[in-house]
Each structure stands twice: as C-alpha cells, then as structure tokens.
Amino acid sequence: MVDQKSQGIDVRVLATEHPADGILTLTLGADDGLDLPNWTPGAHIELVLPSGLVRQYSLCGSPRDSTYTVSVLREPAGRGGSAEIHDTIATASKIRLRGPRNHFPFVPSSTYLFIAGGIGITPLLSMIQAAEESRAAWTLVYGGRSRSSMAFLDQLQSYPPGRVVLVPEDEQGRLELPAVLAAATTDTQIYCCGPGGLLDAVEARCAERNLSDRLHIERFAAPTILRRSLACDESFDVRLEQSGVTLNVSSDQSILDALEDADIEADYSCTEGFCGSCEVRVLAGRPDHRDSVATPEQHDSESTMMICVGRSKSPMLVLDL
Ligand code: FES
C-alpha cells in the first residue's frame, strides 16, 4: 500500500471544467511531456497547493488515459484546500502532485453494488468502467442534493438502462439504504464513498446484514468515533531506523507531533487518520491502529501504520523513517 515517499512531480493543468454546481474538474499532464505513473481504480493523488497545503483527490478518468483527471468540490466550511484550488488554479497552472496511491482497491468479483453520495462518485467512476469491461453485474446508486450538484450524469447515463439509479434529494429524498442494500448477495462487493453520515449508515446496515466483509468504503473525513482525545493514552518510544533517532511520544501527542518537535520531516495531510498520507512501514513493535484508511488487519498484513493517529501497544515501535 505504501508507495515511495517522494517530492512528487510537476504537472500542468491542461483543462478545467465545471461538471456540476461547485465542482471543478482539472485535467493534468506531466510538465516534461513524459507519461504519468500508472494507477488502478480507486487510486488518489495528493496535490501540493501553492500555499503548501496538501490535499488528496481521487483519480476519476480512465487508467488508460495519458492524463490525470480530478474533481474538486468547493467546501465553504472546509480547511481552505478546495477554495484555494477553485480560486487560484486555472488552465496552464503548474502544480505538484504526489502518488498515485490506492487505499481503496477494486477487487475482482462477478457482482458489484456502488453507492455514491455527492462528490463520492469520483473514485467509483473508474471502478464502474472496470466492472463494465469485465462484464460483471453492477449497479450504482448515486445520491446528491439536486441534479445540478451531481457530476458526470451524462457519462453515467450512457450505461445500459437500470445500471444507474439517480436519487436527487430534492426530488426523491435521501437514499433508502435498507432497499439499496437489499439486493446485495453473498457475491456482491459493495463500494461506498460520500459524506460521513452516509458511510456510517452503510457500515451499520452492512453489519446488521452480515455484509461487512465485502464492504469497501473511502472517507473524506474522520468518523466521529475516531475524533477523541489522546489525553488518556500511555507514552511510548519510537525508534526511527533510517535516522537512527529514538523519540519519546508523550501521552498527549501523536507520533507525527513528536517528529515535528524533533524537526524530522514526514508526509501528512489530514492529521485525522483518514487520508493515508502519513502511512509508514512498521519494522518492529505492536502498533495500535486508529485510522479509518484501512482495517487493523490490512495494516498488519502490510506492516504499516498511520502516524498521525496510530499509537503503540508495545513500549517501543521501530519505524522505517
Ligand atoms: S495525515 Fe491523513 S491519515 Fe495521517
């Protein structure tokens, strides 16, 4: 899951478009004319904005494209990244990107149920294309505030009738999850992306129906349950294998905080455990995973952790930093 930490590559904005209310789509091409790195459905890139903010966006074109396409929803109540892109990035702008990375991999199956809420449609577009190309049975249920806020409708409506179910809230109300999930069988892989409330509800409903093992979600914000204080936690030590440094992580700071205090650089973005930017390989020790990027089992199998929220169950962790 970890890719090489890098300074990234410079790309040029080749085109911009507004596919729906409040959404800006950027087409990006390598500044030196070389091919961009390959990617797989569900992958995202990080954009390093002129202000220094780093933001993740799902790739929403085709992996066969020679360019990357991302769509950015302006979030007035956000932390400034989307507003900066909308207000300052235009055709011909130069921007740095890192990745792609994929924390939302598309698994082979004969049947898929895709559930999208608003801008959560973006990582699902390339999955839908892959499902269609593999001749799998698939359905997309796509909810949004109104039709004018829902991007990519023309593209989605070009699929055979019945595949795509649009649910604009101002016309039909919210997604009826029991009905949406009723069609899922033991063969169905369920992919869901959208607002936190939708994801929480889908997770709960899938747990009730014993569907959790085939549910795949991608969050754009931390789930409420993870927004907790570190104050009750124990301190521990972290040895950084590459730097040869050992740090103490106190009860009220994260590993990332301890690195910053020691002037040791590490990649990060959300600091809330949902974006995956700060993923680091664990060489020894027992990490206490607290992110929503992947399950603890997935992290254990890959020997990685998110250092913005993850802690340690052992007195010492050894990290590949
Ligand atoms: S910075 Fe986003 S998961 Fe750690």
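Predicted model: local features only at pLDDT ≥ 70, side-chain atom pairs only at ≥ 80, totals over all residues.

Colleague: Which residues have the most contacts inside it?

Modeller: Phe114, Leu124, Trp138, Leu140, Tyr142 and Leu156.

Colleague: And which elements give two or more residues to this core?

Modeller: β7 (111–117), α2 (122–133), β8 (137–144), α3 (153–157) and β9 (164–168). Of these, α2 gives the most, with five residues.

Colleague: What does leucine 124 touch?

Modeller: Leaving out residues up to four places away in sequence, leucine 124 touches Phe104, Phe114, Ile115, Ala116, Leu140 and Tyr191. Apart from this core lies another, of 22 residues, with Val249, Ile255, Val280 and Val282 among them.

Colleague: How does β5 pair with β2?

Modeller: In the antiparallel sense, over six bridges, with β2 covering residues 23–30. Isoleucine 23 stands opposite leucine 73 in β5.

Colleague: Now serine 93. Where is it found?

Modeller: Serine 93 sits in the loop between α1 (81–88) and β6 (94–101).

Colleague: Buried or exposed?

Modeller: Serine 93 counts as buried because its relative accessible area is 16%, and the cut-off for buried is under 20%.

Colleague: What lies 2.9 Å from a polar atom of its side chain?

Modeller: The backbone oxygen of alanine 90. Not counting residues up to four places away in sequence, serine 93 also touches Val11, Arg12, Val13 and Thr88.

Notes
Residues numbered from 1 in each chain as written. Heavy atoms only, no water. Helix = DSSP H or I, 4+ residues; strand = E, 2+ residues; numbered from the N terminus. Buried < 20%, exposed > 50% of the residue type's maximum accessible area, 1.4 Å probe, protein only. Polar contact = N/O pair within 3.5 Å; in protein donor to acceptor, adjacent residues only side chain to side chain. Contact = heavy atoms within 4.5 Å. Core = buried A, V, L, I, M, F, W, Y, C linked by side-chain atoms within 4.5 Å. Pairing = 2+ DSSP bridges.
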